[in-house]
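Please read the following points with the sequence and the model open beside you. Each point takes up one topic.

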Amino acid sequence: MLYFTRLDSLRFIAFFLVFWSHNFVPCFQKWANEPWRKFFNPFFETGINGVHIFFVISGFLITHLLIKEHHISGKVNVGKFYLRRILRIWPLYYLIMILGLFVLPALSKTFEFCGSYWMNLTFLNNFNAEQTSHCFSTHVVIAWSVAIEEQFYLVWPLVFSLFYKRNQLLVFCALIILASILSSGYSSYFSTISNLVYLMTGCAGVLMYEKHSGFFNRSFFKEKKWLYVMILLLCLTMLFAEHSNQESMIKVLFLPLLYLYLVLYAIINNTSKHSYLSSLGKYTYGMYFYHPLVSVFVRILFDKSGIAYLDNGLNYAVASVIALMVTCIVSILSYNYFEGYFLKLKSRLSVVSTRM
């Protein structure tokens, strides 16, 4: 079975970066204008970093599965690929869409929705995310990254089938990465093209790993001291980019490679032992979608209980911890009793056995 325990740990870390940005950062609001707070801003606004790590992981794993399927069957069954992605992504996605677009706005003005219904229902909501984010639609706008992944899944198996046999896939990845980097200064935060650099870096990474596996057996990818060095370099890059006039260019040139290193380290140093992080990592798709809703409900509960939190960092931190715990519980229940039904169907269509 194809399963990387430590990669699940990285998934949870990526999710927590998103959660930290959405929930814990307001705890520091009273210091928002302090010089130290502005200087360390990259370590508060970490949501985009978490999303980009998810993109690199997705590009790497999806391409890895396609390569394995091609080696086993001699080809990729694109139709079954689409069905597997539908069974994994659509059930929870449309549950959140039904709640966020129709049910919750009808019950409370707190859940106002002001975006495009059809764009959200057709995985084009990243093109509408800026408009949606102007009103309190965080529970829906969070889906912009999933929309980009679905657009990628629609095209990538076709591109893979066309170029893999010709040994031209790495060249294709390089061209798309270059186009994405060049567009980064002109594209929207939510645009597909500017985010493709992360997905395609994951794809290129696994192609290099397949062709030059001996190179990746070096200590640079195995020893923890190098992991710590790369994490330090990642932090320094984030800080330097924040205070540079070429912020976007520095980020798209260096951060994708640093994220790829984290993925490769997790893959190469895979272990059968589970940690708390890896155990939670399998539920991160649910956590990503449920946490905005859970956070709002926790804050409503605090409001109803008369507990002030907007100007009280400690109370806001308590609310965030409760929201994190409830998000984990809801996501585990969703995985086992809702998503699990569709995942069992998905496993019947799989050529390569993976974790359900």
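This is a predicted model: local features need pLDDT of at least 70, side-chain atom pairs count only at pLDDT 80 or more; totals for chains, interfaces and linings use all residues.

1. The sulfur of Cys-173 lies 5.2 Å from the closest cysteine sulfur, which belongs to Cys-203, and this is too far for a bond. A disulfide is here a pair of cysteine sulfur atoms within 2.5 Å, and by this rule the count is zero disulfides. Cys-27 is likewise in no disulfide, since the nearest cysteine sulfur, that of Cys-328, is 17 Å away. Cys-173 is buried, with a relative accessible area of 0%, and Cys-27 is buried as well, at 11%.

2. Residues are numbered from 1 along each chain as its sequence is written, and side-chain values use heavy atoms, with hydrogens and water left out.

3. The protein has 15 helices and zero strands; both are DSSP runs numbered from the N terminus, helices being H or I with at least four residues and strands E with at least two. The radius of gyration is 20 Å, close to the 21 Å that the globule rule gives for 356 residues, so the protein is as compact as a globular protein of that length. That radius is taken over C-alpha atoms, and the globule rule is 2.2 Å times the number of residues to the power 0.38. Along its principal axes, the C-alpha trace spans about 65 × 45 × 45 Å.

4. How many salt bridges does a search of the whole structure find? The search finds five, a salt bridge being a side-chain nitrogen of Lys or Arg within 4 Å of a carboxyl oxygen of Asp or Glu. One of them joins Arg-11 and Asp-8 at 3.0 Å, N to O. These two residues are three apart in helix α1 (residues 5–24), and therefore about one helical turn separates them. Asp-8 counts as buried because its relative accessibility is 2%.

5. Another salt bridge links Glu-45 with Arg-37, whose closest N and O atoms are 3.8 Å apart. Glu-45 is partly exposed at 37% relative accessibility, whereas Arg-37 is buried at 8%. Lys-225 forms a salt bridge with Glu-223, with 3.6 Å between the closest N and O atoms, and Glu-223 is partly exposed at 34%.

6. Where does Thr-201 lie? Its place is in helix α10 (residues 192–211), and at 5% relative accessibility it counts as buried. Leaving aside residues up to four places away in sequence, Thr-201 touches Ile-177, Pro-256, Leu-257 and Leu-260; contact means heavy atoms within 4.5 Å.

7. On the surface, Ile-98, Phe-102, Val-103, Leu-107 and Tyr-117 form a nonpolar patch with about 490 Å² of accessible area together. Patches consist of residues with over 30% relative accessible area and no salt bridge, like charges being joined within 9 Å and nonpolar side chains (Val, Leu, Ile, Met, Phe, Trp, Tyr) within 5 Å. Accessible areas come from the Shrake-Rupley method with a 1.4 Å probe, and for residues only the protein chains shown count as cover. Helix α4 (residues 78–107) supplies the largest share of the patch, four residues. Leu-107, in helix α4, counts as exposed because its relative accessibility is 67%.

Methods: Buried means under 20% relative accessible area, exposed over 50%, partly exposed in between (1.4 Å probe, protein chains only).
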